[in-house]
Amino acid sequence: MTAAANNAPTNAPADLVAWVDEVAALTKPAAIYWCDGSEAERDRLYQEMVDAGVFIKLNEDKRPNSYLARSAASDVARVESRTYICSEKEEDAGPTNNWAEPTAMRETLTGVFDGAMRGRTMYVIPFSMGPLGGDISQLGVELTDSEYVVVNMRIMTRIGSEALDLIASGKPWVKALHSVGYPLVDADGTRRDDIAWPCNDDKYITHFPETNEIISFGSGYGGNALLGKKCFALRIASTMARRDGWMAEHMLILKITRAADAKEFYLAAAFPSACGKTNLAMLQPTIPGFKVETVGDDISWMRPGTDGRLYAINPEAGFFGVAPGTSVKTNPVALASLDHDTIFTNVALTDDGDVWWEGLTSEKPAHLIDWKGNDWTPESSEPAAHPNSRFTVRADQAATIAPNWEDPAGVPLDIILFGGRRASNIPLVAESYDWEHGVFIGATVSSEQTAAAEGSVGSLRRDPFAMLPFCGYNMADYWQHWLDMGDVLGDKAPKIFQVNWFRKGADGSFLWPGFGDNARPIEWAIKRVVGEVDADAAISGQLPKKGDLNVEGLDVDEATLDAIFALDPEAWAKEADLTEEYFAQFGDKLPARLSGQLAKLRERIAQA
Ligand code: GTP
Ligand code: SPV
Ligand code: MN
């Protein structure tokens, strides 16, 4: 078999062409194709995918230019157990990451990638994370044998010729290699047919932080395969950020305009996967006098500006959002943004060629084809859409997108929120005593696990800064980096708050209505930033004074409000003990200021 021609555009730099050649020599694709990012290219790929049965075209009248993909049942979420940080030293990955020795891992990867693309096309995707050419933006090139990845990357990032031009101009770029691990031809030339969702039981999602490289094998789903997202924009970027004095965070970004004084505020919020970032990013406030616009829904890159404030950009260009639970009631903006030009993965198909998922309508359709491709009726025992089914849509299809969402300079942050899914103990909103206490709050976040990753859904786990699966280095060093950034920002630092939309009553139902009403605690946070209200010192932070949280027009009684803010010293003493145990695994890497914060928490518990 002769090697596939490289086909590199004339301006492709030599180091990139050489890498493409090197990967092609190993993976042995039938062809190499360089993506230009054009609409014609996209349309051709969509058509090929429909013809191959990879994509189902949805009803053109109901949902123009939109498609449904169904994954293999074994490939439905990120696989944290197969995600590795391959730093030279194990302690640089830290106790919360899977570490693999880089030389040994490279050997393993060379083994599985040998011939992995036989019979397939290898796509070369130059891409930019962040606006093209922006100071905070970064470039990358993903090599993949998946058309699904190409068309999703086209929505989620800025791909094609312009990104390649920037790479050609000499800017640094990150290598991101991906294969689904399902060659169509084996070593002795025997062919097999392709399938709708090729993948491999053996999976490796690997990161080499010292050389800014990503190598991913065996999965086609979300963060495992769209390498600009978690692998680059969080794991690799977090290590770059630590080296260069910035921050890469699992945060949405909001712009809030207060009608009363036309003042603008910017907020970033870190919640674990499937805990409400996309929802909050498109908040429709239930209180008057607030305009909320979207800057980003999942990732934030933040840097101190020349004025000393912290500026944030959204490095992504689209949303890869959780479908179940998205409805006219919970997130009308997201829902409307999906009216056209959307890729759906693992949702259900209606009889008229449209999509459905749990929570979309209160009444279930009489018949569907479920995410596995089987007939489904309301009597079926399994959900019609997979709990981690997703939509992929360009960010500017959201009606709430902020006009300045692509400002390469970013937006100045006033507020940072940390949240999780906690049935007990954590109040609706509390302000940290200072940045250091805010870092303690972020470091100790715990949350009930969701279907966004493998693992047991519902079990409580620590998810510091919502970065547990996404920090590319030792979590304790990351906390120190946050403390250091606070020292740099000084009194220009955003104020840090903790929120919890998910507290439950004795009967197991949510105490707080959530969604649009989340504007209320945010309104209070803004009042704190502006200095318009005082707060009550409490165990976990500073709480709104009675009457300061705007509950006008809300059907929540006094007793429920008390329960939403209740802090039980005994339960908090247990939280503190668990935090001590949790901190212990970081040994002497744990910043002393965080043990100091734990001691202060214990003092407040003792005084309560
Ligand atoms: P990733 O994309 O995985 O990072 O998730 P995300 O944080 O963007 O999650 P998303 O906004 O998609 O929310 C996931 C789930 O949380 C959906 O089922 C929502 O209905 C639910 N949710 C979001 N906000 C609220 C809220 O205020 N209250 C309650 N009870 N549920 C909420
Ligand atoms: C998450 O799990 O936090 C996501 C989805 O945003 S994925 O891109 O699959 O990581
Ligand atoms: Mn996420």
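## Two ligands and the residues around them

Let's start at ligand 1, where a backbone N or O atom of cysteine 275 lies 3.3 Å from one of the ligand's oxygen atoms; a polar contact here is a pair of N or O atoms within 3.5 Å. This is a predicted model, where local features need pLDDT of at least 70 and side-chain atom pairs count only at pLDDT 80 or more, while totals for chains, interfaces and linings use all residues. Residues are numbered from 1 along each chain as its sequence is written, chains are lettered from A and ligands numbered from 1 in the order in which they are written, and side-chain values use heavy atoms, with hydrogens and water left out.

Stay with ligand 1 for a moment. A backbone N or O atom of lysine 277 is 2.8 Å from an oxygen of this ligand, and a polar side-chain atom of aspartate 298 comes in at 2.9 Å from a ligand 1 oxygen. On its own ligand 1 has 670 Å² of accessible area, and the protein covers 91% of that (Shrake-Rupley method, 1.4 Å probe).

Who else is around? The shell of ligand 1 holds 22 residues, and Ala274, Lys277, Thr278, Asn279 and Arg390 come nearest; to count as near, a residue needs a heavy atom within 4 Å. Among the secondary-structure elements, α8 (277-281) gives the most, with three residues. Helices are DSSP runs of H or I with at least four residues, and strands are E runs of at least two. As for domains, whose bounds come from an automatic or database assignment, domain 2 (249-317 + 407-607) and domain 3 (318-397) each supply at least three residues of this shell.

Now over to ligand 2. Taken alone, ligand 2 exposes 280 Å², and the protein buries 98% of that.

Notes. A polar contact is a pair of N or O atoms within 3.5 Å; within protein, one must be able to donate a hydrogen and the other to accept it, and residues adjacent in sequence count only if both atoms are side-chain atoms.
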